[in-house]
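This report describes a protein model, moving from the chain as a whole to two of its residues and their surroundings.

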Amino acid sequence: MRTDTVADRSRTGSAATDSGSDAPGSDAPASDTPVPVSLSAQAREAVLRRIVDRRYAQGARLVEREIAEELSMSRVPVREALRALVTEGLLELLPHSGVRVRRLGRTDVEHLYEVWEPLAVQASRLAARAAAAGDSEGVAALAAALRQAESAAAADEGTREVAAHTAFHEGVVAMSGNPLLARTMDQLSWQLRLLFGLREEPAHMRAQHAEMYRHISGGDAEAAAASTLLHVRDSRTVALRSLFGTG
């Protein structure tokens, strides 16, 4: 959920270049010039990936110096990245010094689903409307994510399957065309990825994604919303049972 993924397509075209910036003789960079990623952003991304794939386990203490050495960076960008992740709720400060990976408690999971449910439902509704209006690119992206999930499941590659399922949900949000919804989902993205990686991934969830896809690609907004509601609530039950033994 890369943290900018769900917002990419909804931001497309929104950052128009300033008037005259592409005129002959202008010193302004072309509109498609890549924007350099800061070292702190690179460090944040690297730490996030290690949390999600569980190289940094829940409850593990993270040492700034060790991470800087691992990433071949100075300590300053790593320090900034860790501070950002504390703010985002994936790390927590230790009483005296340092940080550790936050453990997801039952209340954390319930709160996450309480926020994700209405956003996911509305995203599917809007995605179906976009499909009805001719967004074939978005529909194709969803289909590709489903194929990836099936391929990963057949190869028993759990991490790749989780990534494909996450890509499917991100694709639905991208299709919504609502930049505010996309930015809000950005804030949940990595927590959802972490949760998806910790819980079981039963086969019937792939079937639920296929059902969501059928309604979205068919442009049936209310059926898409209803199938998504069922999926998110079932996902909540699976997560609570997997992590805490009760649904």
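Helices are here DSSP runs of H or I with at least four residues, and strands are runs of E with at least two, both numbered from the N terminus. In this predicted model, the protein chain has ten helices and three strands, and their order along the sequence is α-α-β-α-α-β-β-α-α-α-α-α-α. Of the 247 residues in the protein chain, 44% are buried, while the accessible surface amounts to about 12700 Å², with 52% of that area belonging to carbon and sulfur atoms.

| Residue | Partner | Distance of the side-chain polar contact |
|---|---|---|
| Ser235 | Tyr113 | 2.6 Å |
| Arg125 | Glu222 | 3.0 Å |

Ser235 lies in helix α10, which spans residues 221-244, and because its relative accessible area is 0%, Ser235 counts as buried. Apart from neighbours within four places in sequence, Ser235 is in contact with Tyr113, Trp116, Phe196, Arg199 and Met205, and with Tyr113 the side chain of Ser235 also forms the polar contact of 2.6 Å.

Arg125 belongs to helix α5, which covers residues 106-132. Is Arg125 buried or exposed? The cut-off for buried is under 20% relative accessible area, so Arg125, at 18%, counts as buried. With neighbours within four places in sequence again set aside, Arg125 is in contact with Ala221, Glu222 and Ala225, and the side chain of Glu222 is its partner in the polar contact of 3.0 Å.

Notes
Residues are numbered from 1 along each chain as its sequence is written. This is a predicted model: local features need pLDDT of at least 70, side-chain atom pairs count only at pLDDT 80 or more; totals for chains, interfaces and linings use all residues. Side-chain values use heavy atoms; hydrogens and water are left out. Buried means under 20% relative accessible area, exposed over 50%, partly exposed in between (1.4 Å probe, protein chains only). Accessible areas come from the Shrake-Rupley method with a 1.4 Å probe; for residues, only the protein chains shown count as cover. A polar contact is a pair of N or O atoms within 3.5 Å; within protein, one must be able to donate a hydrogen and the other to accept it, and residues adjacent in sequence count only if both atoms are side-chain atoms. Contact means heavy atoms within 4.5 Å.
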